[in-house]
Amino acid sequence: MDDNRAEVRDFLTSRRAKVTPEQAGLPTAGQRRVPGLRRTEVSALAGMSVEYYSKLERGQLAGVSPGVLEAVARALRLDDAERAHLLRLAQEANGSGALLRPTRKPKQRAIRPSLRWSLDSVTAPAIVVNLRQDLLAANLLGRAMYSDVYTDSAGVPNFGRFTFLDPAARRFYPNWNLAADMLVANLRTAAGVDPHDKALHDLVGELSTRSDEFRRRWGAHNVRIHGTGRKTFHHHVVGDLDLAYESTELRAEPDLTMTIYAAEPDSPTAQALSLLASWAASETGIVPTPER
């Protein structure tokens, strides 16, 4: 079992730095040398001694009870994704992560034919990604929408490499900073789900070496859970796209997520998707049916 104390330490200290005394309902008098809460304040909010909390923040989560973890989560005002991440870190420290997670199949990049048929039956843009944010499959409209991402000739496209290493990402994502933050939070969450994924470690190492923007965000230890929302894109052929999305994990392949995008009916984006479908047809000779 790998020692995860450094990961625990960095996560807890980064969460403490994010909580202001005002948010915690504490007085703000006096000069503060560090951002966020002091250890003494977190320990008081969590109902434990500062010595015990300091031990936790040094990364020693082995043997810590769920009640203590919940008290720390409340004191640090953790959201659902951060609470889940803290629990996974504690499980890893106890060596119980493998027992509490389903047995994982060997990772493979091949997509089952039935999954590809299902993708192709969806009339809206639809894609399948894994925890490392590899773009494993897309239907025709999804491939057209993400045509910028598919220009990488190195193999399976990866949203991390595209976001941080491809200049086209700055145009494709009008709010690039938000897209970059979300991408790194997804990868950090994936590292908590499967801390022994060598391919993910290799990807993080590559991006950390090649991108200061990635390295800074990775050090922030932000995590997230996402299943629905809105995203904006600027496609090089059809222009601006304002799309709602729904993401769901595939029960048969727990490491894979399918995301389907949808435009508000009769909106400019709906018209743009119709244009995108026509463009995709001209590129491939296959006529997709865009969503109405």
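**A guided tour of buried residues and salt bridges**

Begin by selecting Met145, which is found in helix α9, spanning residues 140–145. The model on the screen is a predicted one. With a relative accessible area of 0%, Met145 is buried. Next, display the residues around Met145. Leaving aside neighbours within four places in sequence, Met145 is in contact with Pro125, Phe172, Phe233, His235, Leu241, Leu243, Tyr261 and Leu276. A distance may also be displayed here: the C-alpha atoms of Met145 and Val237 are separated by 9.3 Å, although these residues are 92 residues apart along the chain.

From Met145, move to one of its contacts, Pro125. Pro125 lies in the loop between α8 (113–121) and β1 (126–130). Is Pro125 buried or exposed? Its relative accessibility is 0%, and residues under 20% are classed as buried, so Pro125 counts as buried. Leaving aside neighbours within four places in sequence, the contacts of Pro125 are Asn139, Leu141, Gly142, Met145, Thr259, Ile260, Tyr261 and Leu273. The C-alpha atoms of Pro125 and Tyr245 are separated by 9.6 Å, while the two residues stand 120 residues apart along the chain.

Now select Ser14 in helix α1, which covers residues 5–18. Ser14 has a relative accessibility of 14% and counts as buried. Which residues does Ser14 touch, not counting those up to four places away in sequence? They are Ala220 and His221.

Side chains of opposite charge can pair when their charged atoms come close. In this model the count comes to 20 salt bridges.

Select Arg83 and Glu70 and show their side chains. These side chains meet in a salt bridge, with 2.4 Å from N to O. The pair links distant parts of the chain, for Arg83 is in helix α6 (residues 80–94) and Glu70 is in helix α5 (residues 66–75), 13 residues apart. Arg83 is partly exposed, with a relative accessible area of 27%, and Glu70 is also partly exposed, at 30%.

Next, select Glu206 and Arg161. Glu206 forms a salt bridge with Arg161, and the closest N and O atoms are 3.0 Å apart. Glu206 lies in helix α13 (residues 198–210) and Arg161 in helix α10 (residues 159–165), so the pair ties together parts that are 45 residues apart in sequence. Glu206 counts as partly exposed at 21% relative accessibility, and Arg161 is partly exposed with a relative accessible area of 25%.

Remain in helix α13 and select Asp202 and Lys198, which both lie in this helix. How far apart are the closest N and O atoms of the salt bridge between Asp202 and Lys198? They are 2.8 Å apart. Asp202 is partly exposed, with a relative accessible area of 42%, whereas Lys198 is exposed, with 59%.

For the last stop, select Asp181, Glu213, Arg216 and Arg217 together. Salt bridges that share partners join these four residues into one network.

How values were computed:
Residues are numbered from 1 along each chain as its sequence is written. This is a predicted model: local features need pLDDT of at least 70, side-chain atom pairs count only at pLDDT 80 or more; totals for chains, interfaces and linings use all residues. Side-chain values use heavy atoms; hydrogens and water are left out. Helices (H or I, at least four residues) and strands (E, at least two) are DSSP runs, numbered from the N terminus. Buried means under 20% relative accessible area, exposed over 50%, partly exposed in between (1.4 Å probe, protein chains only). Contact means heavy atoms within 4.5 Å.
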